[in-house]
Amino acid sequence: MRLALFDLDNTLLAGDSDHAWGEFLCQRGLVDTETYRARNDAFYQDYLAGELDVEAYQNFCQELLGRSEMAQLQQWHAEFMRDHIEPIVLAKGEALVRQHHQAGDRVVIITATNRFITGPIAKRLGVYTLLATECEMQDGRYTGRLTDVPCFQEGKVTRIERWLRENDQSLDDSYFYSDSRNDLPLLERVSHPVAVDPDPTLRDIAQQRGWDIISLR
């Protein structure tokens with residue numbers, strides 16, 4: 001079965017769900033707004049520049065998970081989906097996912113954003129295979145700590161290669177859709193790399209290498 005891999009943020013969504021979660025927390029007064037927003041914005045700028053310290057960022061954004069009850073987190077997430085995610089779901093992205101499903105391809109979302117945030121989003125998009133940065137759990141609740149290899153930059157390659165072995169799949173004739181320079185390691189591994197509304201660095205590289213460039217906006 002041919003694989004169609006999709007990045008999530010700024011690819012299938014017209015925005016970044018990780019950063020949007022931080023904004024949701026600030027708007028609801030669930031964190032110290034001024035301090036949290038400043039750090040959240042700084043981490044996002046590092047991400048855009050390809051310089052994110054992913055472990056430091058995950059320690060920052062998962063801390064709230066570790067001190068909150070699961071029922072409360074689920075309620076917050078439902079509100080987050082309604083107010084912040086639904087408005088940025090891209091209809092053309094949904095159509096492209098459906099196109100790959102109809103072609104008989106195995107559709108996978110592979111994202112640096114953690115599973116707490118992205119699990120419900122992937123289901124909303126009709127994608128049931130998700131590789132994401134993982135949140136450690138203990139006794140049925142989050143610890144607030146990162147676990148496993150972060151699904152970011154080279155980590156995406158590590159995670160997909162493990163998944164391929166475990167599921168007897170390969171990257172033969174595979175697609176990967178992404179907007180970000182951070183995804184170059186995986187874009188270089190697939191048969192059909194596709195730059196989706198790419199950042200300037202990725203756009204330049206895609207043009208130099210003759211990769212497809214599309215817009216879902």
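User: Where is Asp-197 found?

Analyst: Asp-197 sits in the loop that runs between strand 6 (192-196) and helix 9 (200-209), where helices (H or I, at least four residues) and strands (E, at least two) are DSSP runs numbered from the N terminus. This is a predicted model, in which local features need pLDDT of at least 70 and side-chain atom pairs count only at pLDDT 80 or more, while totals for chains, interfaces and linings use all residues. Residues are numbered from 1 along each chain as its sequence is written, and side-chain values use heavy atoms, leaving out hydrogens and water.

User: OK, and what is phi of Asp-197 near?

Analyst: Phi of Asp-197 is near 40 degrees, which is a positive value in a residue other than glycine. Asp-148 also has a positive phi, of about 70 degrees, although it is not a glycine, and this residue lies in the loop between strand 4 (141-147) and helix 7 (154-167).

User: Why does Asp-148 count as partly exposed?

Analyst: Asp-148 counts as partly exposed because its relative accessibility is 35%; buried means under 20% relative accessible area, exposed means over 50%, and partly exposed is in between (1.4 Å probe, protein chains only).

User: New topic: which residues does Ile-213 touch?

Analyst: Leaving aside residues up to four places away in sequence, Ile-213 touches Ala-195, Pro-198, Arg-203, Ala-206 and Gln-207, with contact meaning heavy atoms within 4.5 Å. Ile-213 belongs to strand 7 (residues 212-214), and its C-alpha atom is separated by 5.8 Å from that of Val-194, 19 residues apart along the chain.

User: How many residues are in the largest nonpolar core?

Analyst: The largest nonpolar core has 51 residues, and those with the most contacts inside it include Phe-6, Trp-21 and Ile-109; such a core is a set of buried Ala, Val, Leu, Ile, Met, Phe, Trp, Tyr and Cys residues joined through side-chain atoms within 4.5 Å. Helix 3 (residues 54-66) gives the most to this core, with 6 residues.
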